[in-house]
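Hello,

My notes on two of its regions follow below.

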Amino acid sequence: MTAEPAAGTLDRPTPSLDSGVWSGVRWALLRDLRLALRSRAELGVQVLFYVIVVSLFPLATSPEKNLLALMGPGVLWIAALLASLLSLPRLFANDYADGTLEQIALSPYPLPALVSGKIAAHWLTTGLPVVVMAPVLGLQYALGGEALAVLTVTLLLGTPILSMLGAIGAALTLGLRGGGSLLALLVLPLCVPVLIFGAGAVDAVHAGLGATANLSLLGAGLLVAIVGAPLAASAAVRIALD
Amino acid sequence: MLETIDLAARRGYSHLFSGLGLRVEPGCALLVTGANGTGKTTLLRILAGLSTPFTGRVRWRGEDVTPFAQSMRQDVVFCGHLPALKDELTAEENLAALVALAGAKLEPAHVRRALAIVALDRQASLPARVLSQGQRRRLGLARLAVTRRPLWLLDEPATALDADGIALLTRLIADHLERGGFAVAATHQTLALPTSRVRTLALS
């Protein structure tokens with residue numbers, strides 16, 4: 001190098017940068033929510049999809065009350081799973097395609113914090129509507145008050161787990177051809193325990209066992225996912241960018 | 001100082017470059033030239049810490065940096081092929097979001113001023129969807145202007161820019177070097193930078 005180094009202000013480590021975990025979570029959460037609000041039609045499609053899938057079962061099977069009450073929790077859970085899956089391919093793929101994911105990975109904020117924010121936004125836009133509408137849709141299945149309450153609580157605990165498991169799958173399938181269908185194959189088996197404990201809680205109530213065991217297991221699963229999923233998804237994002 | 005030691009990269013089974021040792025001093029720019037497919041983008045991605053080199057090391061401020069190292073993420077601004085713009089957001093929101101992602105606090109007035117620097121102030125509240133390629137590039141330049149990072153890594157920064165845009169780009173880089181910043185740019189264009197501050201690396 002022949003040039004004389006210029007005496008300047010930039011040849012020193014960058015001073016106090018905001019690189020806090022919560023600032024990172026907030027950035028990703030607010031940005032993804034804003035993007036979701038700008039494309040409200042997509043949000044509406046997911047919610048309608050959920051409503052329609054749930055409503056098809058009584059039409060296709062039988063209007064018999066006992067049968068419907070038996071099927072109801074399972075149907076609502078499967079519909080919640082499918083609705084969550086519907087929007088998962090876009091969780092990282094849009095950011096990957098337009099280069100935002102590179103900037104996210106190079107941000108001074110910890111990547112798991114940014115990924116957590118994105119997952120939270122995904123749950124707020126797809127999981128929360130599912131939870132809120134469950135008590136109303138459950139009426140189609142002749143579910144009683146207690147069963148509806150338990151079902152709603154299981155969805156409240158379980159849908160965040162679906163978003164988090166889905167985020168790992170979405171990050172792992174980044175940049176692959178046919179990533180969307182592969183994502184479904186990857187994520188659906190992982191969701192089986194959530195489905196069993198979630199839908200099983202109402203059965204346990206009917207059987208007089210109480211839902212405490214199922215709810216505890218779902219809660220434990222949620223805690224494990226909160227700790228593990230952002231780390232796993234971040235690692236997968238970095239692999240995808242490399 | 002930014003250095004590489006015996007850096008090699010390959011794509012699939014073909015070698016792009018090997019044994020590459022480069023040094024960029026404060027206040028200096030390195031222009032990377034070479035035909036398509038010679039590894040300019042790969043080199044920039046390795047320097048940014050987005051890709052892992054096949055062999056060799058990258059040193060920044062005298063320390064080895066691994067991909068996604070915190071020390072690099074705090075100092076680098078990477079302008080790749082992809083503009084990192086969201087079609088749904090306005091030019092102003094896009095710039096504010098990218099600057100906030102870089103960890104910098106910026107008042108709305110500053111964002112407006114940065115847009116004025118790159119002559120996008122009239123498009124500030126238009127969604128990025130309707131901006132032209134050149135205007136998108138200019139938005140990237142606005143990010144350079146406001147993100148006070150020492151190390152600029154620019155991949156084909158002059159693409160789609162008009163004569164004014166290239167002059168603006170050159171002035172931004174010159175000012176950055178004047179302040180003691182570092183810049184590495186992969187480019188086919190010749191930028192009118194002071195020759196004493198510029199070195200060229202030709203990949204083949």
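**Sheet in chain B, helix pair in chain A**

Chain B holds an open sheet of five strands, in the order E7-E8-E9-E4-E10, with parallel pairing. Please keep in mind that this is a predicted model.

Which strands sit at the edges? They are E7 (76-79) and E10 (198-202) of chain B, each of which pairs on one side only. On average, neighbouring strands in this sheet are turned by 15 degrees against each other, direction ignored. In general, strands of a sheet pair through backbone hydrogen bonds, either parallel or antiparallel.

E7(B) runs parallel to strand E8 (residues 151-155) of chain B, and four bridges join the two. B:Val77 has B:Trp152 in E8(B) as its bridge partner.

A helix also lies across part of this sheet. Helix H6 (residues 163-178) of chain B lies across E4 (29-33), E8 and E9 (182-186) of chain B. Its direction is at about 150 degrees to E9(B).

Next, chain A. Helix H7 (residues 145-172) and helix H10 (residues 212-241) of chain A pack with their axes 8 Å apart. The angle between them is about 20 degrees. Angles under 35 degrees count as roughly parallel, so H7(A) and H10(A) are roughly parallel to each other.

Which hand does the crossing of H7(A) and H10(A) have? It is left-handed. What is the make-up of the contact of H7(A) with H10(A) by class? There are 20 nonpolar residues and five polar ones, with no charged residues.

Best wishes

How values were computed:
Residues numbered from 1 in each chain as written. Chains lettered and ligands numbered in written order. Predicted model: local features only at pLDDT ≥ 70, side-chain atom pairs only at ≥ 80, totals over all residues. Axes fitted to C-alpha atoms, helices over the stretch in contact; angles between N-to-C directions. Parallel < 35°, antiparallel > 145°, perpendicular 65-115°, else oblique. Left-handed = near helix turned anticlockwise from the far one by under 90°. Nonpolar A, V, L, I, M, F, W, Y, C, P; charged D, E, K, R; others polar. Pairing = 2+ DSSP bridges. Contact = placed C-beta atoms within 7 Å.
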